[in-house]
Amino acid sequence: MSEFTIRRANPREAGATGLLQASHGLLDSMFPGDSNHYLSIDGLCMPGIHFFVAERGGRSLGCIALAERKGYGELKSMFVNPDARGMGIGDALVDHATDVAQERNLGMLKLESGNTLEHAHRLYRRHGFSNCERFGEYPDSPHSIFMEKAL
């Protein structure tokens, strides 16, 4: 496995912004606009949002955000650059966000994902997530699935 590091980052950094733009573009190409619930770059800079990038040699390879909600943490903006997949970056990012959630005494992690993102669903299941009911302010949509994991 190639070496990489995970660090807290500013979503406005060039590498992080590039990852987020690629992620948003992919989601926009796969799902109707009203079914995309990603946070904007400005939204990822708000209090209570912890944003992380995985990088190697100064190149941003993947990202994830942990949003602190009332009574739980929510994973947002999980994305790994396609040419960096298969290196364990997704697993490491989920583990890192889980560790931060535990440090922040959040008892549950939840997420919303597009219903056809099977690779992401398998990643989350490997980390103990299972399907759950809709939560928060998400609308009822055939394009969304919801998952959770007790910490």
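Is Gly-15 buried, partly exposed or exposed?

**Figure 1. Gly-15 in helix H1 of the predicted model.** Gly-15 is partly exposed, with a relative accessible area of 29%; buried denotes under 20% relative accessible area, exposed over 50%, and partly exposed the range in between, computed with a 1.4 Å probe and protein chains only. The residue belongs to helix H1, which covers residues 14–30. Helices (H or I, at least four residues) and strands (E, at least two) are DSSP runs numbered from the N terminus. From Gly-15 to Phe-51 the C-alpha to C-alpha distance is 13 Å, across 36 residues of sequence. This is a predicted model, in which local features need pLDDT of at least 70 and side-chain atom pairs count only at pLDDT 80 or more, while totals for chains, interfaces and linings use all residues. Residues are numbered from 1 along each chain as its sequence is written, and side-chain values use heavy atoms, with hydrogens and water left out.

**Figure 2. Overall fold of the protein.** The secondary structure comprises 3 helices and 7 strands, arranged along the sequence as β-α-β-β-β-α-β-α-β-β. The C-alpha trace spans about 40 × 35 × 30 Å along its principal axes. For 151 residues, a compact globule would have a radius of gyration near 15 Å, and the value of 14 Å for the protein agrees with this; the radius is taken over C-alpha atoms, and the globule rule is 2.2 Å times the number of residues to the power 0.38. Of the 151 residues, 49% are buried. Among contacts (heavy atoms within 4.5 Å) with a separation of 6 or more, 63% join residues 24 or more positions apart.

Figure 3. An open sheet of 7 strands has the order E1-E2-E3-E4-E5-E7-E6, with mixed pairing. Strand E1 (5–8) and strand E6 (130–131) stand at the edges with a single partner strand each, so one side of each lacks a neighbour in the sheet. Two strands are taken to pair if DSSP finds at least two bridges between them. E1 and E2 run antiparallel and are joined by 4 bridges; Arg-7 has Val-53 in E2 as its bridge partner.

Figure 4. E3 is mostly covered, with 8 of its 11 residues buried. E3 runs antiparallel to E2, to which 8 bridges join it, and Ala-54 stands opposite Gly-62 in E3. The hairpin of E2 and E3 has 2 residues between the strands, and Gly-57 takes a positive phi near 60° there. E3 is also antiparallel to E4, through 7 bridges, with Ala-67 opposite Glu-74 in E4. In the hairpin of E3 and E4, which likewise has 2 residues between the strands, Gly-71 in the turn has a positive phi of about 90°.

**Figure 5. The parallel pairing of E4 and E5.** E4 and E5 pair in the parallel sense over 2 bridges. Glu-74 has Lys-110 as its bridge partner in E5. Because 6 of its 7 residues are buried, E5 is largely enclosed by the rest of the structure.

**Figure 6. The largest nonpolar core.** A nonpolar core is a set of buried Ala, Val, Leu, Ile, Met, Phe, Trp, Tyr and Cys residues joined through side-chain atoms within 4.5 Å. The largest has 25 residues, and those with the most contacts inside it are Ile-64, Leu-75, Met-78, Ile-89, Tyr-124 and Phe-129. Two or more residues each come from strand E2 (49–56), strand E3 (59–69), strand E4 (72–80), helix H2 (89–103), strand E5 (108–114), helix H3 (118–126) and strand E7 (144–150). H2 gives the most, with 6 residues. Beyond its neighbours within four places in sequence, Ile-64 has contacts that include Phe-52, Leu-75, Met-78, Leu-93 and Ala-97. Another core, of 14 residues, lies apart from this one and has among its members Ala-16, Leu-20, Ile-41 and Cys-63.

**Figure 7. Helix H2 and the residue that follows.** The buried residues of H2 are Ile-89, Gly-90, Leu-93, Val-94, Ala-97, Thr-98, Val-100 and Ala-101. At 1.5 Å a residue, the 15 residues of H2 should span 21 Å, in agreement with the 21 Å between its end C-alpha atoms; the expected span is 1.5 Å times one less than the number of residues. Just after H2, Asn-105 adopts a positive phi of about 60°.
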